[in-house]
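User: I'm new to reading protein models and would like a close look at one part of this one. Could you walk me through the helix near the end of the chain and what surrounds it, then a few charged pairs?

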Amino acid sequence: MDFFGAYMNIKRIESRNNPTIKSITALRDRKARESERLFYFEGVHLLEEYLRAGYRPKFLFLREDVTDKYLSLAKKAECEIYEVTESVYSKLSEEKAPQGIFTVSELLPNLHYARNENELEQMAGELNGNSIMLVDMQDNGNVGTVIRTSAALDCKVLLCGNCADVYSPKTARATMGALFTNDIYICHDTLKAIAALRNKQIRVIASALDERAQKLGEYEINENDCFVVGNEGKGLPQTVIEKCDMTCFIPMTAKTESLNAASAASVLLWEAKRGKLK
């Protein structure tokens with residue numbers, strides 16, 4: 001480690017009370033991530049995908065027992081690198097079985113915020129192809145899974161209302177790297193977002209059971225349709241359903257009442273893309 005450490009200018013931290021460590025652990029709070037415009041994630045695969053997407057971290061932390069193992073990867077990061085003791089790393093990490101590599105990044109340019117009428121209109125204009133709107137989906141794993149599925153099926157994602165934070169380490173882990181490549185739009189006013197899409201002749205389809213719901217697979221899906229999936233426990237508010245063009249439901253056996261929200265989103269997107277992907 002001495003030769004490479006000198007060559008790469010690796011700094012060492014041995015105290016859990018180090019100011020840098022305190023500033024990074026503060027990023028566990030969503031408000032801190034937003035104010036500092038930084039977030040973090042752990043693991044080799046996520047860092048590899050992050051670098052493959054063309055990004056460079058702000059900081060990289062290596063646990064001392066794996067420094068030699070990840071030196072070549074750390075060199076590719078081209079950032080400030082810290083080697084830390086196992087005790088210090090345990091303060092940084094929230095993983096049950098951490099690999100010992102911890103990345104801190106600036107916020108990503110592929111996340112777009114639609115906070116006013118102009119930004120909502122711009123968002124709607126950029127939604128070429130099928131998309132999925134998540135409304136008040138609060139489980140990090142579900143949000144991350146939908147982002148991952150959407151990337152695999154070449155669909156954009158809209159997070160509306162009170163969704164889980166995309167920059168949460170749990171969400172980032174569930175995306176398996178799709179967070180770094182897929183276009184994600186974030187807007188808090190769901191009804192205005194739906195109105196903006198409909199103004200661009202994008203048909204908005206709520207996943208819900210009501211008297212007008214059509215069975216998935218028994219109606220034609222347009223290439224720009226946007227599906228809407230709601231909260232894990234409550235589904236979609238009636239006010240949202242009423243603003244959509246139509247509703248649909250996924251047929252299933254009587255063995256279960258419903259699908260997991262992320263699973264339902266995956267089925268909807270697959271049906272939209274079935275036969276269109278090479």
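Analyst: Let's start with L259, which sits in the loop between β13 (246-249) and α12 (261-273). Helices here are DSSP runs of H or I with at least four residues, strands are runs of E with at least two, and both are numbered from the N terminus. Before going on, note that this is a predicted model: local features need pLDDT of at least 70, side-chain atom pairs count only at pLDDT 80 or more, and totals for chains, interfaces and linings use all residues. Residues are numbered from 1 along each chain as its sequence is written, and side-chain values use heavy atoms, with hydrogens and water left out.

Back to L259: its relative accessibility is 37%, so it counts as partly exposed. (Buried means under 20% relative accessible area, exposed over 50%, and partly exposed in between, with a 1.4 Å probe and protein chains only.) Together with M252 and V267, L259 makes a nonpolar surface patch of about 210 Å². A patch takes residues with over 30% relative accessible area and no salt bridge, joining like charges within 9 Å and nonpolar side chains (Val, Leu, Ile, Met, Phe, Trp, Tyr) within 5 Å. The areas come from the Shrake-Rupley method with a 1.4 Å probe, and for residues only the protein chains shown count as cover.

Now for α12 and its partner. The axes of α8 (residues 140-152) and α12 come within 9 Å and cross at roughly 15°. That makes the two helices roughly parallel, since angles under 35 degrees count that way, over 145 as roughly antiparallel, 65 to 115 as roughly perpendicular and the rest as oblique. The axes are lines fitted to C-alpha atoms, for helices over the stretch in contact, and angles run from 0 to 180 degrees between N-to-C directions.

On to charges. Side chains of opposite charge can pair when their charged atoms come close. E271 forms a salt bridge with R274, with the closest N and O atoms 2.7 Å apart; the term means a side-chain nitrogen of Lys or Arg within 4 Å of a carboxyl oxygen of Asp or Glu. E271 is buried, because its relative accessible area is 18%.

D245 and R198 also meet in a salt bridge (3.0 Å, N to O). D245 lies in the loop between α11 (238-243) and β13, and R198 in helix α10 (residues 190-199), so the pair ties together parts 47 residues apart in sequence. D245 is partly exposed at 31%, and R198 is partly exposed at 37%.
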